[in-house]
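Dear colleague,

My notes on it follow directly after.

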Amino acid sequence: MGFFPSFWSKVLILSFDSYTHQYITEQAIIKVSLELGRGFWRAVRDVVNSNANMDLKSATKDNPVYHFDSERIDDSIAKLRELWTRIILSVRAKEYAGARHSLGQLSHALQDFYSHSNWVEMGKKSIYLHLLQPDEPAVPVAKKCSHGGFLDKSRLLSATGGINKDTTSSIFSPHHYLHVEAAGLAAIATQTALRDLKDTVGPKAFLLFSVRQAPALVFVMDTTGSMFEEITAARLRAHSIIQSRASRAEQPGTFLLVPFHDPFGPVYEADDPNQFMEHMETLMALGGGDEPEMCFSAIQLALSRSPPESEIFVFTDASPKDAHLFDAVKALALEKRSKITFLLTEEQTQKSSSRRKRSSKKPLSPDRFSLYSSLSLVSGGMAVFTTNSDIHKVSTIVEDNTAVDK
């Protein structure tokens, strides 16, 4: 009739190495749930690494404001509240990577309060709510002496000694005997901050913030009058990639479109692939075709609005009017680890009468696309040169590699 139903079936027949319906189903659910949870654990690592880096990065490791050191209690409280505001604004703007980074910094400073101040020594058994909630009553708090431990040169100055409870080691922490109590309060304070964050931004936003965003599929489109064939090719490639994404088990990610000619934008963003394709269908090639165009401005906008490791495809036949932005765009592409691929339609010697000629006061430079090639190379993408008549064939090079491990 099939597999036996449950564990107790194995007991009855004394066949403990048999696979039952119960076992097979449980393992399948666990396996798929773990796959879906990878994004959550990667997001956890983002926060944890940001927290740890507060003691490692030169910008923060020696700054007392981030660690409740050097009698800077008021300044440290102000920094905590600044980080809290930054987290809220980042989540609401869907800048989840930045929010996780700020949360790591906030949690580090918040935890240090309980180790580096005299809160525990004052006999306090609950967390200090005033740190993140200005309406809660303030309590006089001081560090009163050095950080302490053999790494602290000020431990021999008056008042001698130290107060830190960072570890259970008497070598590193003069008040090591209070470490467990301080760590317990730090844990409760961190949990309270997370619950308050969830209540502030709402469960849905908190859930999105708690998992690393799937990479986006981004099209940066030159929409001047000469780009009719390129826009049609981009629609076809977007449709093909969206179909391939539909078969994936993991989070599909968002879709962005950034049009440009002399002005650039606005960004169109959609989570629904069908809605995105409907918008792509409305995209038209209109307006003047004077060389050059605001391409780097559009790419910069695309990078700033898309999650890390996104796939960005640029369709144009014009050189950049805003070449001065190259270094800034390159730095942002490297920071986001996003791949940028260019499909560049070069001017043909014999143009068909149906293609609108771009007007240019000067002869076009043979290396006018060189900055595009450099940007594609440094980001791990490609610069593909084609012609108006071949754009549909060549556009098949545009594949969705967002699932590939960088």
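Trp84, Ile87, Ile88, Val91 and Arg92 in H5 meet Ala193, Asp196, Leu197, Thr200 and Val201 in H7, where contact means heavy atoms within 4.5 Å. By class, seven residues of this contact of H5 with H7 are nonpolar, one is polar and two are charged. Here Ala, Val, Leu, Ile, Met, Phe, Trp, Tyr, Cys and Pro count as nonpolar, Asp, Glu, Lys and Arg as charged, and the others, Gly among them, as polar.

This is a predicted model, in which local features need pLDDT of at least 70, side-chain atom pairs count only at pLDDT 80 or more, and totals for chains, interfaces and linings use all residues. Residues are numbered from 1 along each chain as its sequence is written, and side-chain values use heavy atoms, with hydrogens and water left out. Helices (H or I, at least four residues) and strands (E, at least two) are DSSP runs, numbered from the N terminus.

Helix packing

Two packed helices are described by the angle between their axes and the distance between the axes. Axes are lines fitted to C-alpha atoms, for helices over the stretch in contact, and angles run from 0 to 180 degrees between N-to-C directions.

The axes of H5 (residues 73–92) and H7 (residues 179–201) cross at roughly 40° and come within 11 Å. That makes H5 oblique to H7; angles under 35 degrees count as roughly parallel, over 145 as roughly antiparallel, 65 to 115 as roughly perpendicular and the rest as oblique. The crossing of H5 and H7 is right-handed. A crossing is left-handed if the near helix is turned anticlockwise from the far one by less than a right angle, and right-handed if clockwise.

H11 (residues 295–305) packs against H12 (residues 326–336) at an angle of about 25°, with the axes 10 Å apart. H11 and H12 are therefore roughly parallel to each other, and H11 passes H12 in a left-handed crossing. On the H11 side the contact is made by Phe296, Ile299, Gln300, Leu303 and Ser304, and on the H12 side by Phe326, Ala328, Val329, Leu332, Ala333 and Lys336. Eight residues of this contact of H11 with H12 are nonpolar, two are polar and one is charged.

H11 also packs with H13 (residues 370–379), at an angle of about 20° and with the axes 12 Å apart. That makes H11 roughly parallel to H13, and the crossing of H11 and H13 is right-handed. Cys295, Phe296 and Ile299 of H11 make this contact with Leu371, Tyr372 and Leu375 of H13. The contact of H11 with H13 has six nonpolar, no polar and no charged residues.

Cavity

The structure holds one cavity of 30 Å³ or more. On a 1 Å grid over the protein atoms alone, a cavity is a set of points where a 1.4 Å probe fits but cannot get out, and lining residues have an atom within 4 Å of a point. About 90 Å³ of space lies in the largest cavity, a volume being the space filled by probe spheres set on the points, which are joined across faces, edges and corners. Its lining includes Leu110, Tyr114, Ile127, Tyr128, Ala189, Thr192, Ala193 and Asp196. H7 gives the most to the lining of the largest cavity, with four residues. By class, the lining of the largest cavity has nine nonpolar, two polar and one charged residues.

Local features

The peptide bond from Gly265 to Pro266 is cis, with omega near 0°, and Pro266 is found in the loop between strands E2 (255–260) and E3 (268–270). Ser70, in the loop between H4 (58–61) and H5, has a positive phi of about 55° although it is not a glycine. Tyr268 lies in strand E3. The C-alpha atoms of Tyr268 and His279 are 8.3 Å apart in space, and the two are 11 residues apart in sequence.

With kind regards

Definitions and conventions
On a 1 Å grid over the protein atoms alone, a cavity is a set of points where a 1.4 Å probe fits but cannot get out, and a pocket is an open set with protein on both sides within 12 Å along at least five of seven lines; lining residues have an atom within 4 Å of a point.
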